[in-house]
Amino acid sequence: MRALELQCDVEIVETERHEHAIQLADEAVALGFDAVGSMGGDGTANEVLNGTSDRLPIGILPAGGTSVLPRALGLPRNIGAAAAQVADALVAGRERRINLGVVNGRRFAFASGVGADAKAVRRVDERGRPRGRRPGDVYFAAQILRTLLGGEFSQPQVEVSVDGEVVARGGSVFAANVHPWSFVGPIALKLAPRATFEGGLDVVVPRDMLRRHLPRYATQLLFTGSQAYRADRLLVYLHDVDEVRVTCPRPMPLHADGDDLGDVQEVLYGVARNAARVLV
C-alpha cells in the first residue's frame, strides 16, 4: 500500500463479511472517491466489480491464493509492484475497459461454472482459511481432481441452449470471459484459449467426464488447448457467445470467479459490454 500512498490519498476499509465489498464499493461511488482498490483474492475483486460497475476505475492488487484477475490483466505478481503500477495508472488516467460475464445477474471477470468446478470451489471454501487466507491454486486443482474422480458429474445431465436451440448436453458447464481460465502455479490453464476481455463468453461443455477421458481433458487444459481450434467429439466449444442458457435436472452448484453462488437448476449467462474500468 505504500506505493499507493506515495501518489494518492488512500482510505483503507476492511471487509467484515461475505459480499461486504459490494456494499463498500457502492458507497465509495456515492462518496465521490476517484477510484476503488481491491487487495484480496479474486472473490473480493469480484465483489468490488459488482459494487462499482463502470462508475469508478478499479485497481486490483494480487493478494489472493491464485489472483487470476490481476494476472490476466498483466499486473505484476508482487503486491508492491502492482500497487505502484495501479497508482501510476490512476495519476495518468490510464484505464482499460473490459467486458464482464453475467450469470443469473451476478457479474464475473474471468470464470464461472455449473457442476464440477463449482463443487470444487465449495470444497475449498469448506476447508476455511487455516493461515488467514484461502487455499491456493494447487489445492483447488486437487479438489477438481477429487470431484471428477468421484463421478458425480461423469454423465450428461445438463442442457445448454443458444437462441432457444439445444446445442450441447454434458456433465458440467465451464464459462470463460478471458484466457487463462485459471492457473496452477505458473501454468496458465487453457480451458478457453480464444476468450478475451473484449469479446463474448467462451463456453466449454464436456459431453461426459468419465475417468478414461480425464487424461485427454488434462492434456488439453495444461498443454494444447486444442478443443478451441478443432472439432472434438468429447466436448462442445462455444466461442464469443452473448447469451447461453443452462438447464439442470437437479440442483447443481454454481460459482462466479470462485465465489459459491449456491445450487441452481436454471442458469442464464450473458455479457455486460465495457462494464468495468480497470487501472493497468
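1. Start with helix α8. On its face turned away from the buried side, α8 carries the exposed residues P215 and F223. Keep in mind throughout that this is a predicted model.

2. Now turn to the other side of this helix. Which residues of α8 are buried? They are L214, Y217 and Q220, within a helix that spans residues 214-224. Looking down the axis of α8, you find its buried residues within an arc of 125°, so they line one face of the helix. An α-helix has 3.6 residues a turn, so residues three or four places apart point the same way.

3. What do the buried residues of α8 pack against? Their partners are α7 (137-150), β11 (201-206) and β12 (235-241). G225 follows α8, and its phi is positive, near 60°.

4. Next, find G128. It sits in the loop between α6 (116-127) and α7. Is G128 buried or partly exposed? G128 is partly exposed, because its relative accessible area is 24% and the buried class stops under 20%. Setting aside neighbours within four places in sequence, G128 has contacts with R133, R134 and P135. For a sense of distance, take L49. From C-alpha to C-alpha, L49 and G128 are 24 Å apart in space, and 79 residues separate them in sequence.

5. Strand β3 (residues 95-103) deserves a careful look. With β14 (residues 259-279) it runs antiparallel, and eight bridges join the two strands.

6. Which residue of β4 is the bridge partner of G101? It is F108. Together β3 and β4 make a hairpin, with two residues between the strands. In the turn, N104 has a positive phi of about 50°.

7. Finish with the nonpolar cores. In soluble globular proteins, nonpolar side chains tend to be buried together. Here the largest nonpolar core has 76 residues. Which of them touch the most other members? They are L69, V173, V203, V246 and Y269. Strand β14 gives this core its largest share, eight residues. Another core lies apart from it, with eleven residues, among them A3, L4, L75 and A89.

Note on methods
Residues numbered from 1 in each chain as written. Predicted model: local features only at pLDDT ≥ 70, side-chain atom pairs only at ≥ 80, totals over all residues. Heavy atoms only, no water. Buried < 20%, exposed > 50% of the residue type's maximum accessible area, 1.4 Å probe, protein only. Helix = DSSP H or I, 4+ residues; strand = E, 2+ residues; numbered from the N terminus. Arc of directions from axis to C-beta. Contact = heavy atoms within 4.5 Å. Pairing = 2+ DSSP bridges. Core = buried A, V, L, I, M, F, W, Y, C linked by side-chain atoms within 4.5 Å.
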